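Open the model in your viewer and keep the selection tool at hand. The stops below go one by one.

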Amino acid sequence: MKNPKNWLAIILVALIMIFALQNMELISVNFLGFGFETRRVLLIFICVVIGFVLGKSIRFKRS
């Protein structure tokens, strides 16, 4: 466990677990006339994944 990458990974996993546990309550979502209830952490995760996919799919030319 002397590798700094391992320590960083452990710290990040711990922070993500704490974040998820603090955002487990149900919320009501209304989108384009559809309404549903979901966990806040799930909605945040979906938004992050969509942002990641869009960021990876849009390539900007570097000069």
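In which sense do strand E1 and strand E2 pair, and over how many bridges? Select residues 26–31 for E1 and residues 34–39 for E2. The two strands pair in the antiparallel sense, over six bridges. Keep in mind that this is a predicted model.

Now pick out one pair. Select Val29 and look across to E2: its bridge partner there is Phe36.

Next, go to the turn. E1 and E2 form a hairpin with two residues between the strands. Select Leu32, which lies in the loop between E1 and E2. Its phi is near 55°, a positive value in a residue other than glycine. Is Leu32 buried or exposed? Leu32 counts as exposed, because its relative accessibility is 70% and the cut-off for exposed is over 50%.

Move to the other end of E1. Asn23 sits in the loop between helix H1 (4–22) and E1. Asn23 is buried, with a relative accessible area of 11%. Show its side chain: one of its polar atoms lies 2.9 Å from the backbone oxygen of Phe19. Which residues does Asn23 contact, leaving aside neighbours within four places in sequence? Select Arg40 and Val41 to see them.

Last stop: helix H2, residues 40–57. Select Val49, which is in this helix. Val49 counts as partly exposed, at 35% relative accessibility.

Technical notes. Residues are numbered from 1 along each chain as its sequence is written. This is a predicted model: local features need pLDDT of at least 70, side-chain atom pairs count only at pLDDT 80 or more; totals for chains, interfaces and linings use all residues. Side-chain values use heavy atoms; hydrogens and water are left out. Helices (H or I, at least four residues) and strands (E, at least two) are DSSP runs, numbered from the N terminus. Buried means under 20% relative accessible area, exposed over 50%, partly exposed in between (1.4 Å probe, protein chains only). Two strands pair if DSSP finds at least two bridges between them. A polar contact is a pair of N or O atoms within 3.5 Å; within protein, one must be able to donate a hydrogen and the other to accept it, and residues adjacent in sequence count only if both atoms are side-chain atoms. Contact means heavy atoms within 4.5 Å.
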